[in-house]
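Please look at the sequence and the model before reading on.

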Amino acid sequence: MDVLFVSSEVAPFSKTGGLGDVAASLPGALSARGHRVAVVTPRYGGIDPQRHGFTWLTTSLEARGERCGLWLKKGGPGTPAVYLLEHDLFYGFRRNPYGEGGSDYPDNPARFAFLARAALELPRALQFRPAVVHFNDWQTALGPWFLRAEHHDDPWLAGARSVFTIHNLAYQGMFAKSFMDLLGLPWSIFRLDGGVEFHDQLNFMKAGLSFADALTTVSPNYAREILTVEGGYGLDTVLRSRSGDLFGILNGIDDREWDPARDPHLPVHYDRRDLRGKVRVKAALQAELGLPVKPHVPLVGLVGRLADQKGIDLLAAATPALLRSDAQFALLGSGQREFEEFFAWVGRERPDRFAARIGFDEGMAHRIEAGSDLFLMPSRFEPCGLNQMYSLRYGTPPVARAVGGLVDTVEDYDGWKRGNGFLFGPLDPVALVVATRRALDVWRDVRAWRGIQERGMDIDFSWERSAERYEALYRGLAEG
Ligand code: ADP
């Protein structure tokens, strides 16, 4: 099948979260299964196309009278072709995908409407006839509407079906309704039922939910949660009306990049059969972070955005109690300033126990996943979550809140022979402390711990499995 995949971020060219990882891995896994996939994403100022092996094309696109240049990184068997769109809206004086200094670019609605429109010009320009166009998150959510309304007589997109994936329902792309005119959207779709209106505003996400032929989200449990009032962020009614077209497909992980047996970010390697290397990674990590190098003190890691979504407020509230355990903590993240400042301060006050690294550091993320004994993920909500899958693969059992994709991936230890981690339910710092203490107690039982580690390391989280499910969905649409 020929597939056009549109995303506002694609790792390693741009990435602010899980979307960037998915947009890199899923097209790769689909290509490996023999499909021809073209990935389209902007060239932001921070991307150096030549360094990543892109070449400049003489072909350009035109969308709504605007010319747009193209960079191509050629695909082949097992690798998708990636196109970077070069336009002033993305490139020029801006470096980042969405904003700078904590605020979004004010013209984001125009920027991302343009991305969806320009992507749909690609088939004609390159004489490529996709069976499916796959859009992702609010940034590209107008795409299914543009496909219906602006390409019904386009021979290159005739019969193409649209898939829209919700990576995070909390970010919906809501803007003043005056953008309807600015973006050239007809007022006939500014309606509550089957349209884009949301409390008198334009809601990009809702366009995807209303107009895509099929909807997916990134874990089966999140697919259930978003149908409820609590989990639906005001869009549960629309989602319930489309529940027959909504599928939860668990994300995979890049199991070449995240493999403790060959991870280039680690000083020593290990695998399920021989975990001795993990002990040495822990010692190196303790040294790197300036923590006392003590093998018999458990090391608890956390990597992620320091945001309410990730339950970082729970962690902050639990920190005094956690510091009373005989354990060390390694935290890597960036995000809300109050959390950055709080954890940096804890790190300065308790250098014997708590190491905080504020920032984004890929190598350090790998070393914390590998070198920690336990990994914390107290998320308030979690569409899928990647870090818990990395930690399971690295023999670092997670302590996670029982929400979203965490429920699909972490199984609570039953005190005997089942389970790969530790789950807690209440959105309460006390519950986090209790679960962490329970895990730390089990950690002292070397045999029980080894069983928990092995059950986690045995799970197949490869993209291969997820790609099979997307493929079945695409086929059903193309044939239906
Ligand atoms: P989300 O997409 O909600 O941020 P995920 O767990 O799905 O959460 O994915 C986050 C991705 O970003 C993971 O690959 C994680 O390792 C990475 N990441 C998050 N924060 C950092 C950081 N400070 N340094 C390095 N990697 C990070």
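The paragraphs below go through the ligand and its surroundings, then a pocket, then the cavities. The model is predicted.

Begin with the ligand. It is surrounded by 19 residues, and the closest of them are G18, R305, K310, G359 and L386. By class, this shell consists of six nonpolar, eight polar and five charged residues. Taken alone, the ligand exposes 560 Å², and the protein buries 94% of that area.

Which elements give two or more residues to this shell? They are α1, β16 (299-306), β17 (328-335) and α12 (387-393). The largest share comes from β16, with three residues. The shell can also be described by domain: domain 1 (2-252 + 463-479) and domain 2 (276-457) each contribute at least three residues to it.

Some contacts with the ligand can be described atom by atom. In the side chain of D21, an N or O atom is 3.0 Å from an oxygen atom of the ligand. R305 is one of the closest residues to the ligand, and a polar atom of its side chain lies 2.8 Å from a ligand oxygen atom.

The largest share, eight residues, is supplied by α1. Helix α1 is also among the elements that give two or more residues to the shell around the ligand.

What classes of residue line the second largest pocket? The lining has 18 nonpolar, seven polar and 10 charged residues. Domain 1 and domain 2 each provide at least three residues of this pocket's lining, and each of these domains also gives at least three residues to the shell around the ligand.

The cavities remain. How many cavities of 30 Å³ or more does the structure hold? There are two. The largest cavity has a volume of about 60 Å³. It is lined by L302, V303, G304, R305, K310, I312, L376, M377, P378 and N387.

In the lining of the largest cavity, β16 and β19 (374-377) are the elements that give two or more residues. The largest share is from β16, which supplies four. The classes in this lining are six nonpolar, two polar and two charged.

The second largest cavity has a volume of about 40 Å³. V300, G301, L302, L315, F329, A330, L331, F354 and L376 form its lining. Both β16 and β17 supply at least two of its lining residues. This lining has eight nonpolar residues, one polar residue and no charged residues.

Note on methods
Residues numbered from 1 in each chain as written. Predicted model: local features only at pLDDT ≥ 70, side-chain atom pairs only at ≥ 80, totals over all residues. Heavy atoms only, no water. Nonpolar A, V, L, I, M, F, W, Y, C, P; charged D, E, K, R; others polar. Domains from an automatic or database assignment. Near = heavy atom within 4 Å. Polar contact = N/O pair within 3.5 Å; in protein donor to acceptor, adjacent residues only side chain to side chain. Areas by Shrake-Rupley, 256 points an atom, 1.4 Å probe, with all protein chains shown as cover. 1 Å grid on protein atoms, 1.4 Å probe; cavity = no way out; pocket = protein on both sides within 12 Å on 5 of 7 lines; lining within 4 Å. Points joined across faces, edges and corners; volume = space filled by probe spheres on them.
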